[in-house]
Amino acid sequence: MSPTNKVHLIDILSTLTPPQNSWSAHILKIRCILNYKKIPYTQSFISYPDIAPLLKSLDVAPNKSGTPYTLPAIIHKDSITLNAHGALADSLPIALHLDKIFPDLSLFPSGDASYALFLAVERIMATFESGYRPFIVPRVAENLDERGKVYFEKTRSAALGKPLAQVRPRPEDTERRDELWTIIKREALVLIGMLKGRESKKGVFFEGETLGFADILVACHLAFIERFDKDLFAKVVGLEGGELRALYEECVPLLERQGEDKAWDVPSEN
């Protein structure tokens, strides 16, 4: 298949200054893939409360667990046949689809071994994320459009069982901050050990000099932290010999390059 029409990426509206206005780790994964593979794409940024009505209108099936409708989502009628709109959501299915349709510069350079590596890194990142989210998520609301901020604060406060403003540990709460940092550092050191590899290893990526999806995953989580807490970001990438910083800096062009802006109508939800 040789798709001719551009892929359309749906992102979340924020008040951040481009190119850092794309901030979600999950959406950044797809943006990185599009940029890495040099896939032509357009983009729309929509407010949080518009995500569900838009995905419903595109006949995207709800998530089986957690929040029913989430981004990222892409639209590409040339290659997606799950629905009449050519829409697909969820970062891993999108990544696998794009890697199949646009096979050049594979996300899994060593085949199944690279996929296994991704799954292992994904498991590490889940724990790593549990350590940093209390620092980051409250600050997301501060950088959304007004409708998005109201929606985000309401839904996240309900999910967490407390006002969102109370989630981030206060400076004087050293015990809680240290507890979270212990989690972050522990998992980061595992990643650093994997990036260091054996004595003969070359290159900043997990597989040496070739980028893979595992690298993109880590870089996108680091970008998420960097967008909202630069002090925490500096602390994380400053660990050991700066292996995480080196990986991140190699990925910055992929994280920050943007597609062509395209308006997209969002149906109202009654």
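A residue is called buried when its relative accessible area is under 20%, exposed when it is over 50%, and partly exposed in between, with a 1.4 Å probe and protein chains only as cover. By this rule Lys38 is exposed, because its relative accessible area is 68%. The structure is a predicted model, in which local features need pLDDT of at least 70 and side-chain atom pairs count only at pLDDT 80 or more, while totals for chains, interfaces and linings use all residues. Residues are numbered from 1 along each chain as its sequence is written, and side-chain values use heavy atoms, with hydrogens and water left out.

The overall form comes first. The protein chain contains nine helices and five strands; helices (H or I, at least four residues) and strands (E, at least two) are DSSP runs, numbered from the N terminus. Along the sequence, these elements follow the pattern β-α-β-α-β-β-α-α-α-α-α-α-α-β. Along the principal axes, the C-alpha atoms of the protein chain fill a box of roughly 50 × 45 × 35 Å. Of the 270 residues in the protein chain, 50% are buried.

Ile184 belongs to helix 6 and counts as buried because its relative accessibility is 0%. The C-alpha atom of Ile184 is separated by 5.2 Å from that of Gly131, although the two residues are 53 residues apart along the chain. Phe108 is placed in the loop between helix 3 and helix 4 (112-141), and Phe108 also counts as buried because its relative accessibility is 10%. Between the C-alpha atoms of Phe108 and Phe118, 10 residues apart along the chain, the separation is 8.5 Å.

The charged side chains form the next topic. Side chains of opposite charge can pair when their charged atoms come close. A salt bridge is defined as a side-chain nitrogen of Lys or Arg within 4 Å of a carboxyl oxygen of Asp or Glu, and the structure holds 12 of these salt bridges. One of them joins Asp11 and Arg31, with the closest N and O atoms 2.9 Å apart. Asp11 lies in strand 1 (residues 7-12) and Arg31 in helix 1 (residues 25-36), so this pair ties together parts that are 20 residues apart in sequence. Asp11 and Arg31 are both buried.

Another salt bridge connects Lys37 with Asp99, whose closest N and O atoms are 2.8 Å apart. This pair links distant parts of the chain, 62 residues apart: Lys37 is in the loop between helix 1 and strand 2 (41-46), and Asp99 is in helix 3 (residues 91-101). Lys37 and Asp99 are both buried. Arg227 and Glu226 also meet through their side chains in a salt bridge, at 3.5 Å from N to O, and both of these residues are buried.

On the surface, Glu172, Asp173, Glu175 and Asp178 gather in a patch of negative charge. Patches are made of residues with over 30% relative accessible area and no salt bridge, like charges being joined within 9 Å and nonpolar side chains (Val, Leu, Ile, Met, Phe, Trp, Tyr) within 5 Å. Asp178, one of the patch residues, lies in helix 6 (residues 174-196).

Several features of the backbone remain. A cis peptide bond, with omega about 5°, joins Pro18 and Pro19, and Pro19 lies in the loop between strand 1 and helix 1. The peptide bond from Leu71 to Pro72 is also cis, with omega near 20°; Pro72 is located in the loop between helix 2 (51-57) and strand 3 (73-75). Lys38 is not a glycine, yet its phi is positive, at about 55°. The place of Lys38 is in the loop between helix 1 and strand 2. Glu240, likewise not a glycine, has a positive phi of about 55° and is placed in the loop between helix 8 (230-237) and helix 9 (243-256).

Notes: Areas by Shrake-Rupley, 256 points an atom, 1.4 Å probe, with all protein chains shown as cover. Lys, Arg positive; Asp, Glu negative; His and termini not counted. Charge placed at Lys NZ, Arg CZ, Asp CG, Glu CD.
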